[in-house]
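Subject: Structure handover

Hello,

Here is the structure I promised to pass on. My notes on what was found in it follow below.

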Amino acid sequence: MVLADDNFATIVTIVRWGRSVYANIQKFVQFQLTVNLVALSLNFIAAVGTGTAPLTTVQLLWVNLIMDTMGALALGTEPPREELMKQKPYGRDTSLITSVMWRNIIVQSVFQLVLLVIYTFEGYSIFNLEERDGKCEGVGQDSDVAKALCTDWHEFDEHEKHEDHDTLVLHTIIFNTFVFCQIFNEINARHMERINVFEGIQNNLLFVFIIVITAGMQVVLIETPASNFAGTTSISTGRWLICVGVGALSIPLAALGKLIPVPDGDTMRRLEESYLRKIMRAPATDMVEKLELVETQLKAERSKVEELAAEVSALKAKYEGQPGASSNQI
């Protein structure tokens, strides 16, 4: 970067924007880690517990679009704030992910993961859905099982389709709740320590636009024929309100989480230095002893060299005193 003038105000502006870029990167990293941690953990737990993953490949691609493209645009365009100039400078060895960021990530990840795991295992009873029991898999129309379960094959077939639809509804609710948790958590990421995350949001209209577009595209992905591609299905208004309402709980939860005290960067650095000194204390003592031994040996060798130099000087003086002596003879 080249300064166009030597005005001190220009330097202050550059520093403010530099700190703003650094802070925006931290916000995006915090948001990204939360999304990835919850998505991967949810699919792993569900796959192990139920044999199926609630988030499909297309849905994960859509989540990545929210996280990478729209999330970067929304959080990366936050304008600089005056409070950034009150913070201490960051050192070259300072970690990008601070203890405050870890606190926010853990609070949101635990909330989302616990909620969605409950939906995965207890969602059928919570939303009055019929769980697929597998009775119809591999059963022929003329089998005794079909005759015992239903009065005719049509009834048997309709029962199977109803179970499949209810499973799809549950997975849609899980996906919808997960997405709205990320949308509201994106708002939380605007301020990593402030309680009021809506402060100054009117100064970044692009952020508001991206939030609205993301929510609108989520509606399209569920309530239009695009649901066939995304692996979702239409859900009732009441279930939509539940998904949005539960996702909105991320904001008051984040406010409560910010009340949890965490050590600042200076305290963490002092703890790390103390720990390193404790670990390196014994090896350092051994190294000092070895260096002292080397120093003693060098001193002994130095005295020998000095004695040898004295003998050479005496011998030189002896030969120089003889008549006809030359440097070549010596």
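A residue is called buried under 20% relative accessible area, exposed over 50%, and partly exposed in between (1.4 Å probe, protein chains only). Phe209 is exposed, because its relative accessible area is 52%. Phe209 lies in helix α6; helices (H or I, at least four residues) and strands (E, at least two) are DSSP runs, numbered from the N terminus.

Two notes on the source. This is a predicted model, in which local features need pLDDT of at least 70 and side-chain atom pairs count only at pLDDT 80 or more, while totals for chains, interfaces and linings use all residues. Residues are numbered from 1 along each chain as its sequence is written, and side-chain values use heavy atoms, with hydrogens and water left out.

Overall picture

The protein has ten helices and zero strands. Of its 330 residues, 33% count as buried. Among contacts (heavy atoms within 4.5 Å) between residues at least 6 apart in sequence, 79% join residues at least 24 apart.

Annotated regions

An unreviewed UniProt entry gives "transmembrane region" for residues 100–121, 168–185, 205–226 and 238–260. UniProt positions are in the numbering used here, feature names are shortened, and annotations may be inferred rather than shown by experiment. In the model, residues 100–121 are 100% helix, with end C-alpha atoms 32 Å apart. Residues 168–185 are also 100% helix, and their end C-alpha atoms lie 26 Å apart. For "coiled-coil region", the unreviewed entry lists residues 288–318; this span is 100% helix, and its end C-alpha atoms are 45 Å apart.

Not counting residues up to four places away in sequence, Phe178 touches Val35, Val38, Ala39, Leu55, Val63, Gln112 and Leu116.

Phe209 also belongs to a nonpolar surface patch of about 500 Å², made with Leu65, Leu73, Leu206, Ile213 and Met217. Patches are made of residues with over 30% relative accessible area and no salt bridge: like charges are joined within 9 Å, nonpolar side chains (Val, Leu, Ile, Met, Phe, Trp, Tyr) within 5 Å. Helix α6 supplies the largest share of this patch, four residues.

Salt bridges

The whole structure holds three salt bridges, each a side-chain nitrogen of Lys or Arg within 4 Å of a carboxyl oxygen of Asp or Glu.

- Arg190 and Glu78 meet at 3.2 Å, N to O. Arg190 lies in the loop between α5 and α6 and Glu78 in the loop between α2 and α3, so the pair ties together parts 112 residues apart in sequence. Both Arg190 and Glu78 are buried.
- Glu199 and Arg194 meet at 2.9 Å, N to O. Glu199 is partly exposed at 39% relative accessibility, and Arg194 is partly exposed at 26%.
- Glu306 pairs with Arg302, the closest N and O atoms being 3.3 Å apart. The two are separated by about one helical turn, because they are four residues apart in helix α10 (residues 265–320).

Regards

Definitions and conventions. Areas by Shrake-Rupley, 256 points an atom, 1.4 Å probe, with all protein chains shown as cover.
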